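Subject: Structure handover

Hello,

Here is the structure for your files. Please open it next to this email; my notes follow below.

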Amino acid sequence: MARPTLMVVKIGSSTLVDEGGALDRAFVRSLCDQIAELMASGTRVVVVSSGAVAAGRDVLGFSARPDDLATLQACASAGQARLTQAYADVLAERGIPCGQVLLTRRDVMDRDAFLNARVTLTRLVELGAVPVVNENDTLSTAEFAFGDNDMLGALVSALVGADLYAICSDVEGLYTANPQEDPSATLIPHVTEVDHRLTELAGGAGTSFGTGGMSSKLRAARAMLAAGIPTVICRGRREGVLLDVADGRGVGTRFESPAGSPHEGGRKLWIGLAEVPRGTISLDEGASRAVLERGASILPVGVAATSGSYEAGDVVNVRSATGDVVGRGIARYSSEDMARVRGIKLDVIARFLGPERAQPAVHRDDLLVF
């Protein structure tokens with residue numbers, strides 16, 4: 001298998017720090033050695049790195065992760081400089097420049113800003129630099145935060161048109177059960193679809209050094225399946241892991257659509273990955289099948305419930321009949337109107353509210369199905 005032309009690598013906090021919570025510079029050096037080898041063979045690399053808050057804890061003398069926003073953002077500020085410099089120092093020894101890119105969801109909500117971020121990242125890569133991307137935790141608020149860097153890495157992968165997305169974590173991949181509780185659990189090597197059974201396998205949050213768990217990794221992998229970008233969840237501290245992933249050596253769990261599968265791009269990926277969902281609509285069983293199996297629009301008659309406060313034109317999460325978030329799309333009704341028309345057929349809506357009001361709840365053209 002040929003190595004990818006462009007690879008995005010997400011490194012989790014629990015992988016970057018040592019047992020005491022300090023930035024593990026020996027590991028950073030090993031990671032940069034692998035990046036240098038990949039770049040020497042023609043693979044360009046973008047790094048999405050967690051670890052700013054964990055590194056800042058060490059700088060500011062906290063023994064445990066703070067739980068208030070102001071202190072977390074102070075830790076991020078103190079740790080971000082140390083984190084980026086750790087990458088930059090080692091890469092410079094190998095003649096590779098490093099660029100820092102800090103994002104919040106607010107930065108990419110606007111379509112033009114989304115495209116500008118793409119231009120900046122692409123140009124850095126063209127110039128032979130390794131962009132080190134992180135969420136701008138010093139400015140993020142709950143409303144505009146990505147929540148975890150797994151989804152940020154998915155967004156960056158879509159932005160730059162990556163050939164491969166590697167999520168380096170403290171686990172080997174996705175198992176048939178929790179291996180810490182079930183000794184018979186086995187690694188799932190290959191996934192072509194993230195269904196309800198797989199989402200039930202995902203646990204909660206990870207270690208005290210990070211915010212993501214397997215569920216966040218599955219959400220990111222599911223988005224990448226829609227984008228047609230292969231994704232691998234693997235143990236980041238495995239020796240030579242990036243080289244093995246790039247060479248397709250069967251490390252971790254690889255998520256990849258079957259050959260010839262249709263893929264989404266451009267505007268739909270922006271809707272699903274960059275925009276902030278303002279509410280949620282839940283589908284009944286018939287609508288779930290129509291959307292997931294036949295690529296249909298979401299009609300009001302198939303909406304079983306709505307929550308949150310949103311206006312027509314806002315992005316909403318879409319939940320299937322099993323309760324899983326299976327997509328995001330632009331609502332054509334406000335939350336108030338959605339509550340009125342849900343469960344009603346279009347011809348009935350047209351009769352009582354007028355033909356102009358009889359439209360899909362979410363049109364397929366405005367819907368990214370994960």
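Which residues does G12 touch, not counting residues up to four places away in sequence? G12 touches S50 and C168, where contact means heavy atoms within 4.5 Å.

First, the ground rules. This is a predicted model, so local features need pLDDT of at least 70 and side-chain atom pairs count only at pLDDT 80 or more, while totals for chains, interfaces and linings use all residues. Residues are numbered from 1 along each chain as its sequence is written, and side-chain values use heavy atoms, with hydrogens and water left out.

Back to G12. It sits in the loop between β1 (6-11) and α1 (13-16). Helices (H or I, at least four residues) and strands (E, at least two) are DSSP runs, numbered from the N terminus. G12 is buried, with a relative accessible area of 6%. Buried means under 20% relative accessible area, exposed means over 50%, and partly exposed is in between (1.4 Å probe, protein chains only). G51 is 39 residues from G12 along the chain, yet their C-alpha atoms are separated by 6.9 Å.

Next, R364. This residue lies in the loop between α14 (346-353) and β13 (367-369). R364 is buried at 19% relative accessible area. Leaving out residues up to four places away in sequence, R364 touches E264, K268, V291, G295, A296, S297 and V369. R364 and I330 are 34 residues apart in sequence and 9.4 Å apart in space, C-alpha to C-alpha.

G323 is in the loop between β11 (315-319) and β12 (325-330). It counts as partly exposed, at 33% relative accessibility.

Now the helices. The axes of α3 (residues 52-60) and α4 (residues 69-93) come within 6 Å and cross at roughly 95°. That makes α3 roughly perpendicular to α4, a label for angles of 65 to 115 degrees; under 35 counts as roughly parallel, over 145 as roughly antiparallel and the rest as oblique. Axes are lines fitted to C-alpha atoms, for helices over the stretch in contact, with angles from 0 to 180 degrees between N-to-C directions. Residues in the contact include A52, V53 and L60 in α3, and L72, C75 and L83 in α4.

Last, a ring. R237 lies over the face of F27, at 4.7 Å from the ring centre. The rule: NZ of Lys or CZ of Arg within 6 Å of the ring centre and within 35 degrees of the ring normal.

Best wishes
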